[in-house]
Amino acid sequence: MWCILIFSGTSLRKMRGTVEILLFCLFGQLQRVYTEEKEITWSNLQEVEFVSCVDSIINTYFSNFRNVLVSMLENRGEGLQRTLMPSSLDEDVILIVNMLLTKMSANYIPYRILPRDENLNPTGETVCGYIIFLWPDDDGDIMDSLRNQLDSLKDSESSQWEPRARFIVMVIYRDNHTPQEVALEVYIEMWSYYRIINTIIVITNQDDKEKSTHVSETNKYIAEVYTGFPYQGDNCGEVKEAILLDQCQSYKYPPLSQEVDLFPTKNPEDYSGCPLKVGSIGIHPLVYLKENSTQIYGDASLKVEGMSVQQLLLPIEKMNLTPIFSPPILNVTVDGYIKIIAELTNGINDIVTGTVVLIPALISSDYEPTIPFEFSSVSWFLPCPDASRRMEKVITTYSISVWLTMAVVYISTACLFSCLATYNTPHISNDSDNYRNINLSLYNAWAVFLGVSVPEMPKTWKLRLIFLLYVCYCFVMSTVFQAFFTSFLVAPGYEKKMETVDELVESDLKFGFNSAIGMAAMTMDYREIERFHYSRHVDCTDIEMCVKRMIYKRDVTSIFAEIYTNYLVNRLGFGEEKKVLCTINVKLMSSSLVFLLPKGSPYLNQLNSLLRRGMEGGLLHRYCEVISFEARLESRNRKEDDETDALYFVFSVSHLIPAFFVLLVGYVAGGVVLVGECFLNCVFKYTNQ
């Protein structure tokens with residue numbers, strides 16, 4: 001009924017605004033507007049038009065969004081009176097909030113309310129738009145109210161927090177400041193501390209203290225829309241003034257101009273040489289300090305280079321940004337990462353490059369990574385099997401079982417010689433005493449085994465047959481031994497390679513521990529490194545020294561990225577022909593190098609686009625190949641010397657150690673037999689006397 005009364009008391013000039021109110025009454029379910037069932041009067045017409053203005057913006061720019069978040073102060077609408085603001089503000093706020101939410105529901109725009117449902121699903125989709133109702137808090141400070149709401153959004157949303165989304169800030173009460181002053185203060189706060197760039201501030205153009213029962217005809221603008229441009233002209237990220245985009249006109253539908261874009265692009269393609277503060281962490285070749293460079297922050301002589309740094313310089317040169325490097329952290333430790341991330345969070349650096357691996361820990365409400373620009377596998381590295389020692393390989397030509405079998409054949413043959421020479425016809429046999437005596441039979445069998453002549457050949461056909469078989473057997477075994485002996489002198493082969501973590505744990509190798517490795521293992525829930533007792537840990541903070549120890553001392557195993565180990569092996573002069581570092585069959589993960597920026601950084605999208613173009617064009621890969629090629633050239637002389645040494649070796653007397661060893665054993669055995677015979681001879685003479 002009251003809707004009809006309003007319509008009947010309205011002049012033709014106000015017909016358009018009143019029709020809108022009437023439609024809202026019929027289709028917007030105004031019984032939900034006031035919980036106390038108060039009637040809308042002409043004093044509320046300004047709030048209705050203000051809501052219509054914001055609703056027009058939402059329908060234009062948020063209609064296609066699937067996730068809109070509405071934020072407001074807590075404990076509103078509970079009859080709390082504030083001493084620093086008009087007492088009627090509580091009622092106005094309730095009216096505006098409920099009217100706007102009702103219209104959004106009627107227009108099928110999905111939204112959620114904070115802090116009414118703070119326990120949000122952390123795996124939900126990213127928010128596309130934010131609507132913030134802004135009025136003074138309990139202390140009457142509008143900026144404290146804004147900070148509290150933004151902190152609540154950032155903390156409760158976690159990874160869903162999206163500073164690059166579209167923000168609409170509705171300033172319902174602005175005290176005695178002008179709309180432009182309030183808009184500038186709001187935008188600076190959101191941009192400087194939260195990196196929110198796509199913000200419009202909608203401020204009512206009517207002072208609450210000057211409300212009357214009729215809207216002033218001289219003031220036809222019910223609200224004004226402001227925003228800021230951090231990179232307009234020579235600002236370089238500094239917002240100096242709030243720009244008026246549009247004004248909501250009273251009794252006009254739509255209340256805003258259709259020709260004005262309220263969310264224009266604010267990131268220029270050319271940043272006109274604006275400074276970009278770069279932090280870096282890592283080791284050579286990813287990050288290193290160029291020679292004759294100081295460690296003074298911002299000094300022009302500070303030159304940081306490396307593969308990761310070069311990958312960054314290519315896109316920022318295209319964006320016309322001036323890099324300013326802070327002193328790099330030239331190690332890979334947890335303390336180093338904590339320091340560099342703290343500098344990024346506190347705004348000391350705008351971006352971090354170097355050994356920044358894409359892991360789940362980097363997905364946070366404070367910072368975010370770019371797309372990966374380099375890929376590498378992380379694996380267990382250990383010394384490759386060393387070439388077997390030639391003499392050791394010669395001695396182990398035959399296994400122990402073969403040596404024992406040959407000994408059994410030797411003894412059995414000697415016994416068989418003696419038995420056949422004396423069996424049944426000891427006085428009639430034509431064979432000499434060289435085969436009847438067991439000692440002489442052993443001597444003859446040993447002579448055949450060594451490939452030398454015997455004093456006398458056997459005469460009977462049975463003994464000749466056995467002798468021939470034994471000669472053939474010894475010839476075969478000797479030929480095989482000589483073949484292996486020659487082969488092992490030329491290429492002795494390699495030791496057995498370890499292929500599982502179990503073999504690493506059971507070996508004598510120590511584990512090269514680094515705090516960053518431990519942190520990454522905890523992130524991946526990888527517990528294999530805990531199998532190495534603490535007593536077997538060696539400090540691997542200096543990764544280069546750790547890898548060198550693995551190559552030269554061959555007593556360490558650890559976890560590294562292949563991109564780094566391949567470069568270091570090339571720089572040390574080892575090529576593929578002489579492999580010094582091997583991996584086990586288990587691949588831990590495929591790591592991806594990224595750049596790290598604060599959440600909401602305006603450079604992210606352009607960096608991703610330029611990085612993708614560089615990868616597709618092969619520019620990034622080309623620079624990595626150039627770095628590796630230069631490393632191989634630097635170690636060319638050493639590599640050629642190693643290859644020359646590997647082509648041949650000088651055969652010396654030392655290679656005949658096995659033969660001399662057998663000869664020594666024979667001398668020792670002969671000496672023992674001689675001493676034994678002399679002793680027995682003395683004993684027999686003494687007993688015969």
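**Notes on the predicted model**

1. Val 662 lies in helix 21. Please keep in mind that this is a predicted model. Val 662 is partly exposed, with a relative accessible area of 42%.

2. Val 662 belongs to a nonpolar surface patch together with Trp 446, Leu 450, Val 452, Ile 657, Phe 661 and Val 665, and the accessible area of the patch is about 650 Å². Helix 12 (438-450) and helix 21 (657-688) are the elements that each give two or more residues. Helix 21 has the largest share, with four residues.

3. Now to the cysteines: a search of the whole structure finds four disulfides. One of them joins Cys 53 to Cys 248, with 1.5 Å from S to S. This pair links distant parts of the chain, as Cys 53 is in helix 3 and Cys 248 in strand 7, 195 residues apart.

4. Cys 384 and Cys 582 form another disulfide, with their sulfur atoms 1.9 Å apart. This link is right-handed, with 105° about the S-S bond. Both Cys 384 and Cys 582 are buried.

5. Which cysteine is bonded to Cys 546? Cys 540 is, at 2.3 Å between the sulfur atoms. The torsion about their S-S bond is about -115°, so this disulfide is left-handed.

6. Cys 546 is also one of the buried residues of helix 16 (543-552), along with Ile 543, Val 547, Met 550 and Ile 551. These residues are on the same side of helix 16 because they cover an arc of only 140° around the axis. Their cover includes strand 14, strand 15 and helix 17.

Definitions and conventions:
Residues are numbered from 1 along each chain as its sequence is written. This is a predicted model: local features need pLDDT of at least 70, side-chain atom pairs count only at pLDDT 80 or more; totals for chains, interfaces and linings use all residues. Side-chain values use heavy atoms; hydrogens and water are left out. Buried means under 20% relative accessible area, exposed over 50%, partly exposed in between (1.4 Å probe, protein chains only). The arc is that of the directions from the helix axis to the C-beta atoms. Contact means heavy atoms within 4.5 Å. Patches are made of residues with over 30% relative accessible area and no salt bridge: like charges are joined within 9 Å, nonpolar side chains (Val, Leu, Ile, Met, Phe, Trp, Tyr) within 5 Å. Accessible areas come from the Shrake-Rupley method with a 1.4 Å probe; for residues, only the protein chains shown count as cover. A salt bridge is a side-chain nitrogen of Lys or Arg within 4 Å of a carboxyl oxygen of Asp or Glu. A disulfide is a pair of cysteine sulfur atoms within 2.5 Å.
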